[in-house]
Amino acid sequence: MSETMSTNEEKKLLLNGRRAIPPNNSNDEENEVPEMEAFGLIPRGFNPRDYLRVEDIYMFKEPHEINKQEHHTDKYYNPKLIVRRGQSFQIQIYFNRPYKPETDQFWLEFLMGRYPQQNKGTYIPIPVGNVLKPGQWGAKIIHRENNSIRLSIMSSTTCIIGKFRLYVAVLTPFGILRTRRNSATDTYILFNPWCQLDAVYLDDEKEREEYVLNDVGIVFHGNVEDVKSRSWSYGQFEENVLDACLFLMDKAELELSGRGNPIKICRVASAVINSRDDNGVIAGSWNNTYDYGVAPSAWTGSVDILLEYYSSKQPVRYGQCWVFAGVFNTFLRCLGIPARLITNYSSAHDNNANLRLDFFLDDEGKVDTKLTKDSVWNYHCWNEAWMTRPDLPVGFGGWQVVDATPQETSDGMYRCGPASVQAIKHGHVCFQFDAPFVYAEVNSDIFYTKTEKNGTQMVESVDTTHIGQLIVTKKVGSDGMMDITEEYKFREGSDEERLALETAVMYGVKKQNIQDTTYQPQTDVEMDFQAQKAVLGNDFKVTVTFRNKSRNTYTATTYLSGNIVFYTGVTKSEFKKHSFSVKLAPSSSSSFDIVIKSSEYMSDLLEQGSFHFFVTARINETGKILAVQKATVLEIPTLRIKTKGELVAGKEMSVIVEFTNPLKQTLENVTLRLEGPGVLRTIKKQFGRIPMNSTLTWEVKCIPMRPGLRKLIASLNCDALRHVYGELNVQIQKP
């Protein structure tokens, strides 16, 4: 293996006439550092033992010791020293004799990668001085006792993020003596949201606790009328997760010298977290078949996915938007970048970013699925990361949209962001990266267009308020929902909203004016559509309501199409067709109920229980068409979680998961997953079958490691039923 490696490397060196050394883009690789670096010929009789020699280095790296406490890194399940940049930390050096400042001279060296260079920030020599300057590398002695000294070391606020090797170098007349390579002194340096000079500085302690230190979160899903939530375990402090996150940057081949910049890190991570075009972490699948992998809805957190990728180096199957966003959130929080998971309801996936989703209708007023290419996702999840944007004008720092779900390419790769939320709100979509795409996701209009016999296209109806109706994230400090729609857009119909739109158009977002198309809306009749809350396996009813505001009597031919859809709004099958004629009396409203039977939808149901209804009505007297579409989501049963025994760190306890099958069929090949950061690692169990109405009980014994409020998260998964979750908050006592 090593022979082939060296010949490959030689080849690389020979072929690359442009650079003196190969690219330095692996945090894992090392170079040989000489223990004795001679200045010339060494005279006979030279004995290194005559000089100051380092016997031991103590790193204060235990979770309860000063470094991890002061740097908020005590939760990392990692034996090495982990500190945040721009903040001082302490180490103690033991010499073979007392240190004499008059004659002895030593310094520290931090190295990263295979080809450390001082101008690239991968070789950092730190002389010992008398004063520490904030935000700059330096070291000073704060305590001397017998043969030992204690140092306070300050790192730079722009320092590279990753794992450094530490050496102590002592000057002798004939050369430099260094300590041996010792992995126990390796030091991880992370971003520091507590430091005012760091690009990711966040000034609110409650927000830092939520967006950096909270290792569980909430994913909001469902749809606008029926917001559902589930927990997700980020697990950024679990064993090996930090190394897995650093490996992602190696995998993305990000130069080590660029790893101090959160903008660059977010951009490469949004590409490497999906497997398209770089064999990244997660393979997406939206077609309801998940052979040789795990269904996206079965995952309960990020740790299993990251660790599987770290060991196999192959994409993990399968993910959908919330899985990409959950893993991305873990990556960002793990490295110290404040991050949160966002859900945008009725999210436009606009294939040509023209702020217009086209739904084509046929002669009967039904949606023509062959012509219609755009889709409305019931919801779409992405992330926001907090950082300054020195590459943009003042005012565009703060929350930035980053999205790892592979939708469209950006600069040739499937990635998205970072795009300033502030720039999206004000329509300044000229600022990098990918702002026009995100602007379209939250601001597009829906055009219902009918193709006439002679080929001309008539716009029958325009819906300007359907897209981006609600944008949410988890509340700080609780599991509630925080509405952040106003951070992305001004109030619908306000002057500011118009101005932001005009700005976006000026900066190149394509928008066709309604005036350009032949469009006269039907204003004197309004149509509305409501669906009753529906439970999986039960019948439910939907209601179409007309309001005739004119003094005329009208008749309307109405067509309802019920479709089973993926949460991305793409239709799998039409399960309900219903047309009826109605008479609309002047100045009155009338409602019509249609019953949807469970037998009509159960056989084709997809995992998120999403339906999509299109209702179109033609007013016969005027020829005008009214159109409305609405998504609705079934209530899916939940898992019940209980605990048994004392809840004390270090003591055995039991977790019991229960589930009752509500369907009129037997569930086959059922998989249960259970996890809880700090309480238990993910456990899976297969059950052959659960007959209808029968209850499954699963008991797991575990020993919680960390005291405090923890969360248990469980999921159930089988072909007939997915998206079944349960969760429980548990307070683990100190022993």
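These entries go from the domains to a sheet, then to helices.

**Ground rules.** I am working with a predicted model, where local features need pLDDT of at least 70, side-chain atom pairs count only at pLDDT 80 or more, and totals for chains, interfaces and linings use all residues. Residues are numbered from 1 along each chain as its sequence is written, and side-chain values use heavy atoms, with hydrogens and water left out.

**Domains.** I looked up the division first. The protein splits into domain 1 (36-190), domain 2 (216-507), domain 3 (525-633) and domain 4 (640-732). These bounds come from an automatic or database domain assignment. I then checked a distance: the centres of domain 1 and domain 3, taken over C-alpha atoms, are 71 Å apart.

**Sheet.** Next I traced an open sheet of three strands, ordered S17-S23-S24, with mixed pairing. Strands here are DSSP runs of E with at least two residues, helices are runs of H or I with at least four, and both are numbered from the N terminus. I count two strands as paired if DSSP finds at least two bridges between them. S17 (356-361) and S24 are the edge strands, each with a single partner, so one side of each has no neighbour in the sheet. On average, neighbouring strands of this sheet are turned by 30° against each other, direction ignored.

I went through the pairs. S17 and S23 run parallel, with six bridges. Leu 357 has Ile 446 in S23 as its bridge partner. S23 (residues 445-451) and S24 (residues 457-463) are antiparallel, also joined by six bridges. There, Tyr 448 sits opposite Ser 461 of S24. The S23-S24 hairpin has five residues between the strands, and Gly 455 in it takes a positive phi near 95°.

**Helix H9.** Is this helix enclosed or open? Eight of the nine residues of H9 (residues 435-443) are buried, so the rest of the structure largely encloses it. Buried means under 20% relative accessible area, with exposed over 50% and partly exposed in between (1.4 Å probe, protein chains only). Among the buried residues I noted Phe 437, Tyr 439 and Glu 441.

**H4 on H7.** Last, I looked at how H4 (residues 241-251) packs on H7 (residues 321-335): the angle is about 105° and the axes are 10 Å apart. That makes the two helices roughly perpendicular, a label for angles of 65 to 115 degrees. The contact (heavy atoms within 4.5 Å) includes Leu 242 and Met 249 of H4 and Phe 331 of H7. By class, I read nine nonpolar residues, one polar and no charged.

Key: Axes are lines fitted to C-alpha atoms, for helices over the stretch in contact, and angles run from 0 to 180 degrees between N-to-C directions. Angles under 35 degrees count as roughly parallel, over 145 as roughly antiparallel, 65 to 115 as roughly perpendicular and the rest as oblique. Ala, Val, Leu, Ile, Met, Phe, Trp, Tyr, Cys and Pro count as nonpolar, Asp, Glu, Lys and Arg as charged, and the others, Gly among them, as polar.
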